[in-house]
Amino acid sequence: MPKIVENAQRLYRLCQFLEPNFDLSRIIIKIPSTWEGLQACRKLKSLGVKTLATTLFSLEQAVLAAEAGCIYISPFLNELKATFDPSYHDPKPIFDIIVEAQRYYEQHSCSTRVKACAAVNVEQILKLAGVHAFTAPGDQLRELSTMEESVVKVAQRSLFSKEMASEHTNGYTNGDLTNGNTNGVANGPTSGTMEKLSFIDDEAKFRLAFARADEGRAQLKTAQALNLFGEYQVKAEALMRDNDMTKIG
């Protein structure tokens with residue numbers, strides 16, 4: 001955990017060195033959603049450093065991220081592997097976790113926001129229309145820019161139907177927007193009051209809950225994503241060494 005805090009502070013110092021007048025409040029450091037990573041986020045918040053909890057696949061991680069004071073969480077809709085290997089498909093994207101995390105934050109007045117990512121196509125993005133924010137690659141953004149569907153049509157495809165209905169009624173009834181679905185979320189998790197949870201001061205409780213989340217898949221997906229990111233970092237460092245890029249400038 002101390003190494004994560006140290007590295008985040010180092011990035012802040014680098015920005016100050018490169019551009020002394022840069023507004024550091026614009027910087028948000030991505031931190032893995034492990035116990036150690038999220039405890040580092042807690043420490044960084046006390047130091048005035050903003051963080052985003054990434055590689056997140058469970059509600060348990062989302063709860064701890066909010067308690068740690070993260071500005072955003074970045075839940076991966078699909079396993080990371082599915083975003084760059086066209087032959088691989090995640091059999092269980094976490095649509096329900098993304099909807100539940102946002103509802104949990106809103107019900108319990110958490111300041112953390114949901115910034116979903118890792119959709120493999122535009123249809124998946126549309127199913128999450130209404131999420132606080134979304135990270136999407138250029139090809140998906142270009143495809144979205146050509147669409148001319150009305151808010152009503154988009155809402156009918158969204159798992160956030162109830163939330164979109166409250167913002168965009170414009171003469172339509174909630175039934176119009178949810179396509180007759182009265183539980184508030186079309187083809188998704190049912191709405192209702194969610195229990196307030198806490199893990200911030202109980203490592204054993206978090207680790208047990210996280211290990212059980214989605215029958216163990218959340219922990220596995222998180223580990224897979226961290227391993228893949230680690231492999232790419234090693235490759236990037238090797239590329240810089242091989243091309244002597246450290247001497248550029």
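**Exercise 1.** What is the volume of the largest pocket, and which elements give two or more residues to its lining?

*Solution.* In this predicted model, the largest pocket has a volume of about 670 Å³. Of the 24 residues that line this pocket, those closest to its centre are Lys30, Thr54, Phe76, Leu80 and Phe229. Two or more lining residues come from each of strand S1 (28–32), strand S2 (50–56), helix H6 (138–145) and helix H11 (217–242), and H11 gives the most, with five residues. By residue class, the lining divides into 11 nonpolar, nine polar and four charged residues.

**Exercise 2.** Describe how helix H3 packs with helix H10.

*Solution.* Begin with the geometry: H3 (residues 59–68) and H10 (residues 203–212) pack at an angle of about 145 degrees, their axes being 8 Å apart. Then turn to the residues, where Glu60, Gln61 and Leu64 of H3 meet Phe206, Ala209 and Phe210 of H10; the residues of this contact comprise four nonpolar, one polar and one charged.

**Exercise 3.** Which parts of the chain does the salt bridge between Asp201 and Arg42 tie together, and is Asp201 buried or exposed?

*Solution.* The closest N and O atoms of the Asp201–Arg42 salt bridge are 3.0 Å apart. Because Asp201 lies in the loop between helix H9 (174–178) and H10, while Arg42 lies in helix H2, the pair ties together parts that are 159 residues apart in sequence. Exposed means over 50% relative accessible area, so Asp201, at 62% relative accessibility, counts as exposed, whereas Arg42, at 35%, counts as partly exposed.

Key. Residues numbered from 1 in each chain as written. Predicted model: local features only at pLDDT ≥ 70, side-chain atom pairs only at ≥ 80, totals over all residues. Heavy atoms only, no water. Axes fitted to C-alpha atoms, helices over the stretch in contact; angles between N-to-C directions. Helix = DSSP H or I, 4+ residues; strand = E, 2+ residues; numbered from the N terminus. Contact = heavy atoms within 4.5 Å. Nonpolar A, V, L, I, M, F, W, Y, C, P; charged D, E, K, R; others polar. 1 Å grid on protein atoms, 1.4 Å probe; cavity = no way out; pocket = protein on both sides within 12 Å on 5 of 7 lines; lining within 4 Å. Points joined across faces, edges and corners; volume = space filled by probe spheres on them. Salt bridge = Lys/Arg side-chain N within 4 Å of Asp/Glu carboxyl O. Buried < 20%, exposed > 50% of the residue type's maximum accessible area, 1.4 Å probe, protein only.
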